[in-house]
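Please read it beside the structure.

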Amino acid sequence: MAYSKINQPKISDVIMNQLEQMILEGSLQPGQKLPPERELALQFEVSRPSLREAIQKLEAKGLLLRRQGGGTYVKEQLWQSLADPIVELMHNDSESQYDLLEFRHATEGMMAYFAALRGTDADMQNIKEKIQAVEAASGIEEQAEAIVCFYRAVAEASHNVAMLHLVLSLSPVLHKNVAQNLELLSRRADASKMANEHRRDLLAAIVRRDPEAAREASNEHLSYIEEVMLSVREEDSRLQRSLRRLKSGV
């Protein structure tokens, strides 16, 4: 009987695969700095030359970025298709914000569904903490950042890497959309309070592990925001027409 040789994997390839998995599952997120080389080698229990080789391979793949004298980072933009100029146009076009809200209806509803279905106890605790951060935030920018972090926590709890990286890649656009929505909500009495109640309903549905209720709570929240947006912008349009009539003396 002929026996074939068993090839042992290179240590650097094993390290590379481990780091790739951590990036894929979101343990290492875009823009995050890796621990110092010495510390990382101790954690993996490998030699520094093997670790260095693994990092070089991940740099060549476009997953890591080494800054001279500043450490090694996960690249900010992992999905190049979402770094296209069209995303910047969406970022700055107010009408595209309605399209983004429709997109959020589909994606956030699914994320909430799977978070309720698959989330661990640690995930649930993380989501609770993110909700508390939203309610403790002051100022539109701080609130927007806290809300995006909340949705990121829901995406993590869904345990779907495609959903997670979609949220991570679109974070700047989502931040802009959320900030604009908060500004419009601030013009309606109790609207911000209502939005917070919706998020608490969403949290409650996820924590009690009710997928359908979680999806429904997410959709109800976004429907309410869309309703307020349309109402405020219609009001602005009427005001502008009135001002034009006054200027023309009609």
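**Notes on the model**

1. Arginine 208 counts as exposed, at 52% relative accessibility; buried here means under 20% relative accessible area, exposed over 50%, and partly exposed in between (1.4 Å probe, protein chains only). Its salt-bridge partner is aspartate 210, with the closest N and O atoms 3.9 Å apart. A salt bridge is taken as a side-chain nitrogen of Lys or Arg within 4 Å of a carboxyl oxygen of Asp or Glu. Aspartate 210 is partly exposed, at 29% relative accessibility.

2. On sources: this is a predicted model, in which local features need pLDDT of at least 70 and side-chain atom pairs count only at pLDDT 80 or more, while totals for chains, interfaces and linings use all residues. Residues are numbered from 1 along each chain as its sequence is written, and side-chain values use heavy atoms, with hydrogens and water left out.

3. The chain's secondary structure amounts to 11 helices and two strands. These are DSSP runs numbered from the N terminus (helices: H or I, at least four residues; strands: E, at least two). In sequence order the pattern is α-α-α-β-β-α-α-α-α-α-α-α-α.

4. Of the 250 residues, 39% are buried. The chain exposes about 14300 Å², of which carbon and sulfur atoms supply 53%; areas come from the Shrake-Rupley method with a 1.4 Å probe, and for residues only the protein chains shown count as cover. Among contacts with a separation of 6 or more, 73% are between residues 24 or more positions apart, a contact being heavy atoms within 4.5 Å.

5. Which residues have the most contacts inside the largest nonpolar core? They are Ile127, Phe150, Val154, Leu185, Leu202, Ile206 and Ala214, in a core of 49 residues. Such a core is a set of buried Ala, Val, Leu, Ile, Met, Phe, Trp, Tyr and Cys residues joined through side-chain atoms within 4.5 Å. Helices H5 (96-118), H6 (121-136), H7 (140-158), H8 (161-169), H9 (171-185), H10 (191-207) and H11 (211-248) each supply at least two residues of this core. H7 gives the most, with 10 residues. A second, separate core has 14 residues, including Met16, Leu19, Ile23 and Ala54.

6. Leucine 185 deserves a look on its own. Neighbours within four places in sequence aside, leucine 185 is in contact with Ala191, Ser192, Ala195, Tyr224 and Val228.

7. The whole structure holds two aromatic pairs. Rings of Phe, Tyr and Trp (its six-membered ring) pair if their centres lie within 6.5 Å; planes under 30 degrees apart are stacked, over 60 edge-to-face, and the rest tilted. Tyrosine 113 and phenylalanine 114 are edge-to-face, at 5.3 Å centre to centre and 85° between the planes. Phenylalanine 150 and tyrosine 151 are tilted, at 5.1 Å and 55°, and both are buried.

8. Arginine 67 lies over the face of tyrosine 73, 4.0 Å from the ring centre. The criterion is NZ of Lys or CZ of Arg within 6 Å of the ring centre and within 35 degrees of the ring normal.

9. The search of the whole structure finds 12 salt bridges. One joins arginine 200 to glutamate 135 (2.5 Å, N to O). This pair links distant parts of the chain, with arginine 200 in H10 and glutamate 135 in H6, 65 residues apart. Arginine 200 is partly exposed at 37%, as is glutamate 135 at 39%.

10. Arginine 66 and glutamate 59 also meet in a salt bridge (2.9 Å, N to O).
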